[in-house]
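Visitor: I am new to this structure. Could you walk me through it, one feature at a time?

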Amino acid sequence: MGTGLPGWSARSGRLLRNAKQLLLRTLQPTLCSTCMHVKGSGGVKRAVRIVRLQARHYPWAAKFDIASYYESIDHQVLLDLLTATGTSPHIQALVADYLHLPDKSMSGTGMVAGGAISPLLGALYLHPLDKAMEQEERKGRILYRRFMDDFIILAKSRHTFKSAIRTVHCVQSDLKLTLHPVKRFISRTENGFDFLGYQIHPDRRLRPSATSLHLITEHARRLYEHGASIMRLRQYVTRWHRWLLGGLDELATTKGGVTRYWVYVLKHLHISGATIRT
């Protein structure tokens with residue numbers, strides 16, 4: 001569970017694509033605008049932009065990740081949430097099959113990560129958390145944004161901060177989820193934090209997080225090991241750099257340009273200048 005796709009027929013695939021559109025129309029009025037991975041919500045770049053621009057107004061920051069999110073989704077909890085949205089019985093039945101068919105061990109938990117409707121169902125599952133945080137945000141006490149199971153809370157006071165974290169623990173317990181023990185940050189905003197691949201500091205420009213740099217290096221390593229030329233590696237790093245800056249205008253650092261990251265990749269792949277020239 002959590003990887004791969006159920007071995008359904010081509011007709012099942014068409015049904016899922018149709019179900020995706022129906023689910024989107026049904027869930028969009030229900031899902032909170034703070035859930036950024038749903039179509040039309042702005043995605044990674046909008047989430048990062050909002051958090052960076054607002055960070056200086058909130059002294060406290062907490063970033064969390066759910067441990068093994070897809071694998072931990074409880075089928076009955078999800079189906080109950082789906083029923084509450086007024087989704088048609090036909091779509092509910094299809095979602096039930098979508099959850100149960102790959103569950104060979106009949107554990108009643110888990111969802112395929114690459115499925116057509118998984119992102120929407122993943123958005124719905126944490127909707128109770130979104131609603132709880134939305135109420136606090138409307139009062140001007142916090143800023144909250146979520147991308148799938150990765151979410152950030154910025155708070156204006158220590159009291160509100162602690163209260164919001166208690167709410168997170170209560171909701172994740174009700175949903176039978178566990179917060180990741182390592183992928184978290186709870187501290188003052190001025191210390192800086194990582195969110196969605198960027199290192200965010202209220203008084204500095206955005207830069208790639210250590211995790212982002214590790215991922216680009218490992219991908220480049222795999223390309224190189226499979227025979228990619230130096231030119232191909234350079235093209236990959238250039239495209240990644242364009243993506244890094246895209247949609248963030250003046251908020252992201254341009255210091256050193258793409259050369260900075262090209263040199264970083266070469267260094268970590270132990271590719272010398274002599275190798276590049278040959």
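Guide: Gladly, and let us begin with one residue's surroundings. Leaving aside its neighbours within four places in sequence, His-201 is in contact (heavy atoms within 4.5 Å) with Arg-52, Glu-190, Asn-191 and Gly-192. This is a predicted model, where local features need pLDDT of at least 70 and side-chain atom pairs count only at pLDDT 80 or more, while totals for chains, interfaces and linings use all residues. Residues are numbered from 1 along each chain as its sequence is written, and side-chain values use heavy atoms, with hydrogens and water left out.

Visitor: Where does His-201 lie?

Guide: Helices (H or I, at least four residues) and strands (E, at least two) are DSSP runs, numbered from the N terminus. His-201 is in the loop between β6 (198–200) and β7 (207–208).

Visitor: Does one call His-201 buried or exposed, and why?

Guide: Buried means under 20% relative accessible area, exposed over 50%, and partly exposed in between (1.4 Å probe, protein chains only). His-201 has 12% relative accessibility, so it counts as buried.

Visitor: Which backbone nitrogen does the side chain of His-201 reach?

Guide: A polar contact is a pair of N or O atoms within 3.5 Å; within protein, one must be able to donate a hydrogen and the other to accept it, and residues adjacent in sequence count only if both atoms are side-chain atoms. Here the side chain of His-201 reaches the backbone nitrogen of Asp-203 at 3.0 Å.

Visitor: How do I read the sheet?

Guide: Two strands pair if DSSP finds at least two bridges between them. In this model, four strands form an open antiparallel sheet in the order β2-β3-β1-β4. Its edge strands, β2 (142–147) and β4 (185–188), each pair on one side only. Strands β1 (residues 60–65) and β3 (residues 150–155) are joined in the antiparallel sense by six bridges, and Ala-61 has Leu-154 in β3 as its bridge partner.

Visitor: How many disulfides are there?

Guide: A disulfide is a pair of cysteine sulfur atoms within 2.5 Å, and by this rule the count is zero. The sulfur of Cys-32 has its closest cysteine sulfur in Cys-35, 8.0 Å away, which is too far for a bond. Cys-170 is in no disulfide either, with the nearest cysteine sulfur, that of Cys-32, 18 Å away.

Visitor: What caps the N-terminal end of α4?

Guide: That is Asp-74, which has a side-chain oxygen 3.1 Å from the backbone nitrogen of Gln-76. The buried residues of helix α4 (residues 75–84) are His-75, Val-77, Leu-78, Leu-79, Leu-81 and Leu-82. After α4 comes Gly-86, with a positive phi near 85°.
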